[in-house]
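The entries below follow the order in which I checked things.

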Amino acid sequence: MDFNLSEDQQLLKDSVDRFIQNEYDFETRRKIANSDEGFSRKNWKTFAELGWLAVGLPEEHGGFGGPVETMVIMEGIGRGLLTEPYLPTVVLGGGLIAEAGNETQKSGILSAIADGSCMVAFAYAEPTSRFNLADVATKAEKSGGGWKLSGHKSVVYGAPSADKIIVSARTSGGQRDRDGVSLFIVDNNANGLSRRDYPTADGLRASEVMLEGVEVGADALLGEEGKAMPVIEKVVDRGIAALCAEAVGCMEVLKDETNEYLKTRKQFGVPIGKFQVLQHRMVDCFIELEQSRSMAYMVTLKLDEDEAERRKAATAAKAQIGKGGVFVGAESVQMHGGMGMTDELKISHYYKRLMQIDTMFGNRDYQLKQFAALTQ
Amino acid sequence: MDLAFSPAELAFREEVRAFLAEHLPDDLREKVRNRRELKRDDYLRWHRILHRKGWVAGWWPEEHGGCGWTPAERHIFDEECHNADAPPILPFGLQMVGPVIYTFGSQAQKDFFLPKLLSGEHWWCQGYSEPGSGSDLASLKTSAVRDGDEYVVNGQKIWTSLAHYADWIFCLVRTASDGKQQEGITFLLIDMKSPGVTVRPIHLMDRGHHVNEVFFEDVRVPVENRIGEENKGWTYAKFLLGNERAGIAEVAWNKKLLRRLKEIAFSEQADGRPLIEDDVFSRKVAETEVKLTSLEYCNLRVLAEMQEGSPPGGEASMLKLLGSEVTQSITELTVEALGYYAAPYDMPDETPGSNRTPVGPDHAEGVLGQHLFMRAITIAGGSSEIQKNIIAKMVLGL
Ligand SMILES: Cc1cc2nc3c(=O)[nH]c(=O)nc-3n(C[C@H](O)[C@H](O)[C@H](O)COP(=O)(O)OP(=O)(O)OC[C@H]3O[C@@H](n4cnc5c(N)ncnc54)[C@H](O)[C@@H]3O)c2cc1C
């Protein structure tokens, strides 16, 4: 057993740490998050140069590394609270195309993701689907040689800046059938596609994506018609692993900052960290963080196992980090007193991100249910 | 033992209900219902309507312009107002400083301030906390130095709710620094228009402007604006806190929040069924409702004791603790009920870049912002940890 990073992985981690230290202090992050696009194109270019955008993609398309490398980057994204749409583009978009794409799709898009010239979003949720990935009302009907898409995709992270949006749509079956879900690669400026863009509470950007008879060619179909669910789940599990790592990064910052605050903030003539009730709660935060870190490693290392093992790992890890993240976030706010409530301090921003991480791909309750079903 | 309200109390409830049906403006009702940010004018409009009826401070003694309501009547009034989605009556003037003035103030102070408090002419804010003094309030440093008929005030207050709307601020200031901390504090009423007073906004995590920093630079305050005696301010401050705690459980408001949560959980879908039918979710809602019910009956017991003339002591801390926890679980569940639609961010009105049309279902409006703001209720007004210290010391003798 070995939980250490290899030499190359350590080098990657060093480059991530250096970038955050030099380019992403919290005030810079605030400016970036409040800018029109909500992220920095210049940073995106840097990511490409540093090779981060190629992580996890197939080697024959310029990619390198796998789950551990993704984890290293995502943990850094969590620590720096980066707003660049790495998860939608590289992990989800790149992942879906690498997993299900034909040679043309792969060679057309993957290297463009890696060199930073193509951004991607994955539109899976719908207004009434809640967390069920198979609950798809958006329809894709055969039309001419291609397909015609109609439906409403909700809260699509990264959609405002995406060049391509990968859409899950139903080609057959009832609204919640596992069979009959297909994936399509749609140009963000396609006729009939309209978006309503907005900032999200955690400082990212998302959209409502409306598809009104969007015509796409036969070559837009990604993977096998009607058989997308296993692919979606596999890539979403990678997304879950990535989010777990991001959450660990966020929790680590909160733990360090709060611990420091307890040592320096004085009330009643002593540092508040002298009050045992706060000590114990700080200890609880530390334990949640260590559990979450362990789970993030666990799910990362199990991503390539068979489906049942992988799903168990992902649901367990997501249930832990969903709960642990919100706990550490809320406790950090509370232990900072009034200061924790402010927009000025980082604390509340990390808390808001951890709340969204809990929701994304299904919250702790949802994951526990899935886990129970898999382990009964 | 008897749970029922008296016939007179029931008749009063009917009277309040009828009044609200007739006089609460629809646009205010809508704003409150949809969790929109209330502005100065919104609060004042409702304040004046209640004032015309004589109900804006119904629980004040009649000789000072109230109706002398019993605790039960006050409870009924609050309950009906929340049920009707009326704007809240802010506590700083009528609940906090008003009773201090009519209990400890001079005749001149009563004559000048009380009518203006009741009419809404004076908007008050509370200047207690300082950057270095939060939970340990008695360590406050803002100084007031006597100079003839005036005090010269220097220092800084922080977290002052709605100070940007206020005409007056009631402050705890330091007038002596030898001896016990508590014995060198004085209670001053300061006109916000005095030269040397500056208000600077603080934005909270919901990005709303609720609280402020207030700076005092050589602010001259006439000695006649001092409440009671010099260096005795802590006594009045404690009396005020006792008042602040009446109604602290916010039972009626919590009930309303819970009803809204259920409405939302009925209309949101999970696997093609209403979310409220989801086992896990409905269990969490039920747990919260049970906790709220226990809070309600704790509150009614305290109320009954108050009717018999004994003011709440450590129980008030218990009510605050339970009430704030219930509120936080309800707002958290409401966020959860929305799933992904909690994330689109609608900032409070008039914030630059605000997206006023809510994204997602109408009932998503303001839900996340409310939850984020409600993180403060276990911090403000004495944090939960401090409430537990109080119970441990005062009730349990530890
Ligand atoms: C939204 C909001 C509105 C407010 N409005 C007003 C207002 O209008 N006027 C006003 O004067 N003030 C106001 N306050 C201030 C509020 O009363 C203080 O924030 C509160 O008293 C806590 O003080 P602090 O923020 O300095 O936290 P600190 O006292 O620094 O506390 C930090 C942490 O340490 C804990 N702690 C401190 N001492 C102990 C102890 N002895 N044992 C265990 N734990 C301890 C606290 O519980 C908290 O978790 C407001 C605050 C907020 C957030």
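How many Å apart do the C-alpha centres of domain 2 of chain B and domain 3 of chain B lie? I read 31 Å for these two centres.

Ground rules. I am working on a predicted model, where local features need pLDDT of at least 70, side-chain atom pairs count only at pLDDT 80 or more, and totals for chains, interfaces and linings use all residues. Residues are numbered from 1 along each chain as its sequence is written, chains are lettered from A and ligands numbered from 1 in the order in which they are written, and side-chain values use heavy atoms, with hydrogens and water left out.

Entry 1, chain B. I noted the domain assignment as domain 1 (7-89), domain 2 (124-231) and domain 3 (248-394); such bounds come from an automatic or database domain assignment. In the contact (heavy atoms within 4.5 Å) I found seven residues from domain 2 of chain B and nine residues from domain 3 of chain B.

I then took the buried area, the accessible area (1.4 Å probe) that two parts lose on being put together, summed over both. Domain 2 and domain 3 of chain B bury about 660 Å² between them, with 72% of it on carbon and sulfur atoms. On the domain 2 side, Met205(B), Asp206(B) and Arg207(B) lose the most area to domain 3, together 66% of what that side buries.

I looked for salt bridges (a side-chain nitrogen of Lys or Arg within 4 Å of a carboxyl oxygen of Asp or Glu) and counted zero between domain 2 and domain 3 of chain B. For polar contacts I used N or O pairs within 3.5 Å, one able to donate a hydrogen and the other to accept it, with residues adjacent in sequence counting only if both atoms are side-chain atoms.

Domain 1 and domain 2 of chain A bury about 1,400 Å² between them, 65% of it on carbon and sulfur atoms. Pro88(A), Leu96(A) and Gln105(A) supply 32% of the area on the domain 1 side, more than any other three residues.

I counted zero salt bridges between domain 1 and domain 2 of chain A, but six residue pairs in polar contact (both at pLDDT 80 or more).
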